[in-house]
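Try each task before you read its solution.

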Amino acid sequence: MARDSQAALIALNRFGFGARGGASGDFINAASDPRGFVLAELARPNGALLEVPGLLSTPELGKQVFDYQFEIQQARNAAKAAQQGASETPPQDAKPQPRRNLSLSTAAKEIAGRDPAMQPQAADGANAAMSSSATMQPSVNPPKPPAQPLNIIQKTFRAEALARLQRGVVADCGFVERLVVFWSNHFCISANKGALARMWAGSFEREAIRPHVLGRFGDMLKAVEQHPAMLFFLDNQQSLGPESRAGINRNRGLNENLAREIMELHTLGVGGGYTQDDVTALARVITGWTFAGRRGQLGTPGSFVFNANAHQPGPQQVLGKTYAQAGVAQGEAVLSDIARHPSTAKFIATKFARHFVADDPPPALVAKLQDTFTRTDGDLRALATALVQSNEAWQAPLTKMRSPYEFLLASGRLLARNPEDPGRYLNGLNLLGQPLWSPAGPNGFPDTAAAWAAPEGIKLRLDISAQLASQLADRFDPRDLLELVAADAAAPETRRTIERAESRQQALALLLMSPEFQRR
Amino acid sequence: MDCSESLTMQATSRRALLLGGASFAAWAYLPKFARAADGRDPRFVTIILRGALDGLATVAPIGDPDYAGLHGAIALRSDGPNAAVMLDPFFGLHPAMPEFARMYRAKQAAVVHAVATSYRDRSHFDGQDVLESGFPGPGRVQSGWLNRALEALPKGERVTSALAVGPTTPLVLRGAAPTVGWAPTALPQAADDTAMRLLDLYQHRDPTLASALTQGLQLEKQAQGDEMKPKPGGGGVAAMRLVARGAAKLMAADDGPRIGALAFDGWDTHANEGGPVGRLAQLLGGLDGALAEFQSGLGARWRDTVIVVATEFGRTARINGTEGTDHGTGTIALLAGGAVNGGRMITDWPGLKVANLYQARDLAPTTDLRAVIKGVLHDQFGLGERVLAETVFPDSAPAKPMKGLVV
């Protein structure tokens, strides 16, 4: 059997989540046919979908949030009524109060809580409550009961996180899951935006990202921009056409947040040839793209709807082309054209190569990917295949750092710890600066080696590795683990360092921190 | 894990909170000044507000006849409940900033209005690159202006304590001059021996990681004993205060850092920005608290301190359709500190008539932010005009250092 250890390291670490432990034989399989090992996952039908019993659709989840918030509101009203001391009056919540129709903005305010910017407080609470056990604590220790029962939002976030983590830990190579993470970060939302975003973070990825990871970019773009989570994250549900019926009645108008990020971050990229006028025009075009609220006047609560009342009437000019379509078709036509724009092909090709290969990716590789993207009309399976088939992706030195997510998942795979509780992973991600589905801005988490190789980040990785090793090392011989991770591709210094360690614990911590395990 | 659950949870929520809103990093060396004569020991802090601060909502041109119409429901007023604090007959300060108002009255704070970097588009990320890199255009993200200023300073002793929050150094302080950082954590530490062995491996195999680990280890040691007690909850506002308190404590020490940077996120107020109360008001309250923490924490050193607060660009003069503001151009910069020649509004006010707005939409910038920062760096550290125009802010010669910002 041909054996190429260096290529196996690249196959597993650059393209996947690292070798699994136990008797997986991942390294040997990867060494015998590195490209085939990576590409095998692309051939599985529906391999990117995540269908796990108990995970609900976005409208179902939306309804739960609406109901939960409504209950809280009712309880508050009741408390207020009781406080007013009218003991002879029946409590206010004895029957649901008929309420006047809510405006979109009022609904949005309710959904987001009083103040979206202050929501992280609640979000922190949610994250903290996830940590029923300490960071990366072994699952043999029963998790301590959380101080307070989790609410529906926290429960849902944990369940979605767990499903994603489990998929990553058991995947053969993990290339498809790496693609999911890449696209999910490209089209990121942040769970910290508010209750709905936290509730929908997982369903957004399952519904808008995964079905298209091996499909077409244009389809993913449309699914993303019409997903309630994205509309909520970038405020589009509040944006009204100034001359729309709702805009005139309420004397409110445009919010160009989503339109700008579509052009700047999702498709054309900065310098991609659009102007402020294009941003504003696109903002007008997508007015009315919203989701139905609790009362469901526009459709099933929590589902995407086009609200004609909020849509700016008339043709709009975007990137020099006039779009005269009526209704939702206008925006869909613009997105369809932007998805095919040469700037988009270049922007995506560069970002894709940067993520997998190098901070400054080889220009020949970028050109090849750009050409594939253009030629196949944005076929993302073809894009991924072209990356793996290229020579550049196998020749570039391993200069990238694993992101915290990749590092924690790779550790879990090697140590054969399929999580039953997401808490330790979520805690580790918080500590290392990559809280799950919660980047600081709509540009997502950084994707350069320097961003993840900062002094403090490395020190924290060492502390986490040492802690993990202190709990688990007795079950393993670190020298065997080094064979599973890198075999002949391990540097002599790394091998020596591990062999000479004073304890199994120390050896395992050093292995997890070795360049072979940290670089990709 | 040995530590109690509550400790872990606190640490986790605190870290999440800090990452969500605030970070601090500092130069690893003391500047060496031949200033024994007057005993001056200058401090400099820059606070980067990421997301684009609405300058017209923070220091409102209430005397401008067009202001109230443009800022609509969220405009500040000079009378009534939650009235702005009038800094002069024309400009009113947001009521959420009483500490800054007090500093202003004590002539230890100043406002520069209608200011902008050289960047004229409206991408946050490019705008932040320009603000922090100090280059005239985006795309230069290898080093920041503050780091290049450090390289031009005579280097003294290495600092023995430093603090940084967030696993990455902000661009403004990134570059060749060594910086330090630290973050509190309740994780048990890896044993020293393990760390030394790893360092040895990195030195043979991966010099970049060796350097990162070396710094990470030093910082952790220095931070120990520092009582940065985790505090659950509080959100980004509390984080601003907390990180400023820690930074001030370290910078007050004789062997502590003299020059540092903080970055506060969350200023992108597209919707429901709020007027005298609301979302922006809460954030401004956090910033105000952070400035107060610096004053109290620096103690006697406040006298020699200049803090510059800057943001990547401003926001639209007219509120948008969702009672917020979209990405704009001109905004404010704030100066605070005992060394600031304060009590002044520094502005060449362009007016808010549509014809005077930049692209009929934004407050037109009339002051180059680089001139402000160059003026401070010149007065505070004696950096020469040429270094400032060529190295610190490349190609910025026309933006001459503003004079008289420091007493």
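**Exercise 1.** Work out how many of the ten residues of helix α26 (residues 504-513) of chain A are buried, and what packs against them.

*Solution.* Start with the ground rules: this is a predicted model, where local features need pLDDT of at least 70 and side-chain atom pairs count only at pLDDT 80 or more, while totals for chains, interfaces and linings use all residues. Residues are numbered from 1 along each chain as its sequence is written, and chains are lettered from A and ligands numbered from 1 in the order in which they are written.

Step 1: A residue is buried if 20 or more other C-beta atoms lie within 10 Å of its own, exposed if 12 or fewer, and partly exposed in between, with C-beta atoms placed from the backbone. Helices (H or I, at least four residues) and strands (E, at least two) are DSSP runs, numbered from the N terminus.

Step 2: count. Nine of the ten residues in α26(A) are buried, so the helix is largely enclosed by the rest of the structure. Those buried residues are A:Q505, A:Q506, A:A507, A:L508, A:A509, A:L510, A:L511, A:L512 and A:M513.

Step 3: find the partners. Contact here means C-beta atoms, placed from the backbone, within 7 Å.

**Exercise 2.** Find the residues with the most contacts inside the largest nonpolar core.

*Solution.* Step 1: a nonpolar core is a set of buried Ala, Val, Leu, Ile, Met, Phe, Trp, Tyr and Cys residues joined through C-beta atoms within 7 Å.

Step 1: the largest one has 157 residues, and A:A11, A:L282, A:L369 and A:L511 have the most contacts inside it. Helix α9 (residues 195-209) of chain A gives the most to this core, with nine residues.

Step 2: zoom in on A:L282. Skip its neighbours within four places in sequence, and you'll find it in contact with A:A259, A:I262, A:M263, A:V318 and A:V334. Another core, of 111 residues, lies apart from that one and includes B:V172, B:L173, B:M240 and B:F294.

**Exercise 3.** Is B:E99 buried or exposed? Say also what touches it.

*Solution.* Step 1: look in helix α4 (residues 98-105) of chain B, where B:E99 lies.

Step 1: B:E99 has 21 C-beta neighbours inside 10 Å, so it counts as buried.

Step 2: leaving out neighbours within four places in sequence, B:E99 is in contact with B:D288, B:L291 and B:A292. The C-alpha atoms of B:E99 and B:Q295 are 9.9 Å apart, although 196 residues separate the two along the chain.

Terms used:
Contact = placed C-beta atoms within 7 Å.
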